[in-house]
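Let us walk through this structure one region at a time. Keep the sequence and the coordinates at hand.

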Amino acid sequence: MAQQRLGIIMNGVTGRMGMNQHLIRSIVAIREQGGVQLKNGDRVMPDPILVGRNAERVQKLAKAHGISRWTTDLDAALKDKKDTLFFDAATTQLRAELLKKAMKAGKDIYCEKPVSETLKDALDLVRVAKKAGIKHGVVQDKLFLPGLLKLKLLIDSGFFGRILSVRGEFGYWVFEGDWAPAQRPSWNYKKAEGGGIILDMVCHWRYVLDNLFGDVESVTCLGATHIPKRVDENGKTYTNDVDDAAYATFQLKGGAIAHINMSWCTRVRRDDLVTFHVDGTLGSAVAGLQKCWSQARVNTPRPVWNPDIPQPIQFFDTWQEVPGLGVYDNGFKTEWEMFIRHLYEDAPFKWTLLEGAKGLQLVEAAHKSWKERRWVDIPALKV
């Protein structure tokens, strides 16, 4: 058994997502477990170099997690042939150009989504990757959440019969920043900085719907700006010029209908910050981030409409929790391990830049639907 080194240039890990999910809970966790084991018994040990614009912050982060290498010079890092993978979790606005630069330097790439701001740029990335002959992957983290893995177990077992509909509820109240600090950075509410909930979340819905319930064939979407003024991290009031909520309906291959509400202006009274309610001819299920509940056809209660008396059925009590299989690891870490195995032993990995482009395709269709107030079809992408 041998240990192989994987040099990773990690850009954008001083931000919330890059630091918590990708650095600490994925790469640092993989290092602490002794690397990623391959089929032949070898282990791949990630050796990251952290890249950021603020030297003090990057150095402090590296030291806190036992990482010896850091830099503020991305160009110099890309020139080092011993580091073969480039990872980006920084701003969406810069991502496409950074990925192109890394691919032209011969690096394999793995990145957050959206992979770019436009479908045109996303497809251009696919072409550059093909020309460069490199391997590439895009984070599709929600597929590896315990709740959705349990939901997929039900789907694969035939539990639902024919799936009829999917209803997704995502969101929570993001404080305006005046009397309580906002839980999201102010750039989320600024068009010039890549903000907007449709751009942020519809990329997720594309891969969730495609991989679990059926390819998205058309969409109608209505966006909204519910909170027009917010207060930023420095106490300055600014105008929210993007959508902070959206309400979308999707027609899926096979005939199922999906509807997803997404909002940073809603107060939660459901099982989790995101839930998916799936109805089928033989059963239904509701999945959150961690848990999943099911109700089979034979266990379905028989309510009768009568508004004149209190509801006699305790509906929540009529569902059973799905136990799942074993212990579920962090979803980001799981996909990192899959991608590393893809790099070293060519293990299957379908979540490529083309899948990332599909997310931008649906984002643009949703924006078009909102602007033109109509259904928009989603054709197969041609590269």
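Phe-339 has a relative accessibility of 0%, so this residue counts as buried. Bear in mind that the model is a predicted one. Which residue does Phe-339 stack on? The partner is Tyr-110, and the two form a stacked aromatic pair. Their ring centres lie 4.8 Å apart, with 15 degrees between the planes. Tyr-110 is buried as well, at a relative accessible area of 0%.

Now place the two residues in the fold. Tyr-110 sits in strand 6, residues 108–111. Phe-339 belongs to helix 8, residues 331–345. The pair therefore ties together parts that are 229 residues apart in sequence.

Tyr-110 and Phe-339 belong to a cluster linked by ring pairs, together with Phe-87, Phe-144, Trp-336, Phe-349 and Trp-351. The count of aromatic pairs comes to 13.

Phe-170 and Tyr-172 give another ring pair to look at. Is their arrangement stacked or edge-to-face? The ring centres are 6.4 Å apart and the planes stand at 75 degrees, so the pair is edge-to-face. Planes over 60 degrees apart fall in that class. Phe-170 is buried, with a relative accessible area of 10%. Tyr-172 has 18% relative accessibility and also counts as buried. The cut-off for buried is under 20%.

Is Glu-337 buried or exposed? Its relative accessibility is 11%, so Glu-337 counts as buried. What does Glu-337 touch, leaving aside neighbours within four places in sequence? The contacts are Ile-30, Gln-33 and Val-36.

Next comes a helix pair. Helix 5 covers residues 119–132, and helix 9 covers residues 353–372. Their axes come within 8 Å and cross at roughly 170 degrees. That makes helix 5 roughly antiparallel to helix 9, because angles over 145 degrees count as such. Helix 5 brings Leu-119, Ala-122, Leu-123, Leu-125, Val-126 and Ala-129 to the contact. Helix 9 answers with Leu-353, Leu-354, Ala-357, Leu-360, Gln-361 and Glu-364. By class, these contact residues divide into 10 nonpolar, one polar and one charged.

Stay with helix 5. This helix has 14 residues and reaches 20 Å from its first C-alpha to its last. That is close to the 20 Å expected at 1.5 Å a residue. Which residues of helix 5 are buried? They are Leu-119, Ala-122, Leu-123, Leu-125, Val-126, Val-128 and Ala-129. Their cover includes helix 4 (92–104), strand 7 (136–138) and helix 9. After helix 5 comes Gly-133, whose phi is positive, near 70 degrees.

The last stop is a cysteine. Cys-221 is found in strand 9, residues 216–224. With 4% relative accessibility, Cys-221 counts as buried. What surrounds Cys-221, not counting residues up to four places away in sequence? Cys-221 touches Ile-198, Ala-246, Tyr-247, Ala-248, Ala-366, Ser-369 and Trp-370. For a sense of distance, take Lys-101: Cys-221 and Lys-101 are 120 residues apart in sequence and 35 Å apart in space, C-alpha to C-alpha.

Technical notes
Residues numbered from 1 in each chain as written. Predicted model: local features only at pLDDT ≥ 70, side-chain atom pairs only at ≥ 80, totals over all residues. Heavy atoms only, no water. Axes fitted to C-alpha atoms, helices over the stretch in contact; angles between N-to-C directions. Helix = DSSP H or I, 4+ residues; strand = E, 2+ residues; numbered from the N terminus. Parallel < 35°, antiparallel > 145°, perpendicular 65-115°, else oblique. Contact = heavy atoms within 4.5 Å. Nonpolar A, V, L, I, M, F, W, Y, C, P; charged D, E, K, R; others polar. Expected span 1.5 Å × (residues − 1). Buried < 20%, exposed > 50% of the residue type's maximum accessible area, 1.4 Å probe, protein only. Phe/Tyr/Trp six-rings, centres within 6.5 Å; stacked < 30°, edge-to-face > 60°.
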